[in-house]
Amino acid sequence: PIVSDNRVHDGRSCGVSVCGGGLGKFMDNNIADNATAGVECGPGAGTAPSMSGNTIKGNSACGVYCHGPATAGSFRLNKVFENAVAGFLIEQGAAPSVLNNEIFGHCNPSDTSSGVCTSQGGVGVVTGNNIHDNAVNVLGMTDGLTEFVSNTLSAAMVYGLLVVCGGQPLFSGGNVISASLGAANVHVESGGAPVFRGKGNE
């Protein structure tokens, strides 16, 4: 399907669900105030929606929840903010492309709300995003393996980057982690093992 210029709001579950090999293009929609995720991508091999120019805000779980082996999807030029748990949660082998989004305002420090969280074998590539003003801008945990390239992480309430419980995110160049308002720009504990590779991380 092609879904554009709609308001998707106040659903009893997620706002938009794409699973079981679903595709489609979702453009310039306002996806807000749903009971779980704004967008759920997965599970199901070959699930790969294209989402661009959407506003995803105020949902009671994640803005975008990507999960399941061989689940992909492209998320480009979206504004994702003020969701309860995270802007993007990538886990269980999902491998989305997250490109040039603005991700902000996930700022409940009591539960480490995050801009992007990678967990449970989540992979994919997060490139060129402006991730700011979250409790934790990027959270890597439990074998999260997502790659981060040329992102700006700024003005976190607690940590710019927090890696715990075996998280292994890869920062492969050009990422800027700065101006955290709380404890540290980068904090690693409890078996966290981030990898910083190549030039240009600062």
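This is a predicted model: local features need pLDDT of at least 70, side-chain atom pairs count only at pLDDT 80 or more; totals for chains, interfaces and linings use all residues.
User: Where is N29 placed?

Analyst: N29 sits in the loop between β4 (25-27) and β5 (30-32).

User: What makes the approach of N29 to the backbone nitrogen of D5 a polar contact?

Analyst: A polar atom of the N29 side chain lies 3.2 Å from the backbone nitrogen of D5. The cut-off for a pair of N or O atoms is 3.5 Å, so the distance of 3.2 Å is within it. The N29 side chain also reaches the backbone nitrogen of N6, at 2.9 Å.

User: How do you know that β6 and β9 pair?

Analyst: Strand β6 (residues 39-41) and strand β9 (residues 62-67) are joined in the parallel sense over three bridges. Pairing requires at least two bridges, so these strands pair. C41 has C66 in β9 as its bridge partner.

User: What is the strand order of the open sheet, and why do β3 and β24 stand at the edges?

Analyst: The eight strands run β3-β6-β9-β12-β15-β18-β21-β24, with parallel pairing. β3 (16-18) and β24 (184-188) each have a single partner strand, so one side of each has no neighbour in the sheet. On average, neighbouring strands of this sheet are turned by 5° against each other, direction ignored.

How values were computed: Residues are numbered from 1 along each chain as its sequence is written. Side-chain values use heavy atoms; hydrogens and water are left out. Helices (H or I, at least four residues) and strands (E, at least two) are DSSP runs, numbered from the N terminus. Axes are lines fitted to C-alpha atoms, for helices over the stretch in contact, and angles run from 0 to 180 degrees between N-to-C directions. A polar contact is a pair of N or O atoms within 3.5 Å; within protein, one must be able to donate a hydrogen and the other to accept it, and residues adjacent in sequence count only if both atoms are side-chain atoms.
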